[in-house]
Amino acid sequence: MSISYKPKQITIGGHKYKVVYQKNLEDFGNVDVDKKIITLRDNLKPQETLDTLLHEAFHACLALSGLSYLLDDENKEEALVRAFDSIMLPVIKRELKKTL
C-alpha cells in the first residue's frame with residue numbers, strides 16, 4: 001500500500017460515500033449513512049486508514065442491508081463489526097495478496 005493512502009470516495013452497495021479526514025477526531029472513524037460520508041482521523045498510518053475505512057464500510061453495509069435494524073443496539077453492531085475486522089478481514093487480505 002502506498003504511503004499516502006487517503007481515498008476520497010468509496011462505493012458501498014452501489015452507493016458512493018465521500019471520505020473526509022478530520023484532525024482531532026475522537027474515534028478512528030465514523031460513518032453517517034444518511035449523508036453518505038465516512039470520516040476518518042487525519043493522522044492515521046496507511047494500514048490504520050485502510051482498516052478503519054473497511055470497518056466503517058461494514059457499518060454502512062449493515063445499515064444499507066437493513067440488518068442494523070435487526071441488531072437495534074449499537075453495542076451489538078459494534079461487536080459484529082469488530083468480529084468481522086478481526087476474523088474475516090485478515091482472511092481477505094491474505095487471499096488478496098496471493099493474487100498480486
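Four strands form an open, mixed sheet, in the order β1-β2-β4-β3. Strands here are DSSP runs of E, at least two residues, and helices are runs of H or I, at least four, numbered from the N terminus. Two strands pair if DSSP finds at least two bridges between them. The edges are β1 (9-12) and β3 (29-32), each pairing on one side only.

A word on the source. This is a predicted model: local features need pLDDT of at least 70, side-chain atom pairs count only at pLDDT 80 or more, and totals for chains, interfaces and linings use all residues. Residues are numbered from 1 along each chain as its sequence is written, and side-chain values use heavy atoms, with hydrogens and water left out.

Back to the sheet. β2 (residues 15-22) and β4 (residues 37-41) run parallel, joined by five bridges. Tyr21 has Leu40 as its bridge partner in β4.

Now the core. The largest nonpolar core has nine residues, among them Ile10, Val19, Leu40 and Ala57. Such a core is a set of buried Ala, Val, Leu, Ile, Met, Phe, Trp, Tyr and Cys residues joined through side-chain atoms within 4.5 Å; buried means under 20% relative accessible area, with a 1.4 Å probe, protein chains only. β1, β2, β4 and α1 (46-65) each give two or more residues. α1 gives the most, three. What does Ala57 contact, beyond its neighbours within four places in sequence? Ile10, Ile12 and Ile38, where contact means heavy atoms within 4.5 Å.

How values were computed:
Buried < 20%, exposed > 50% of the residue type's maximum accessible area, 1.4 Å probe, protein only.
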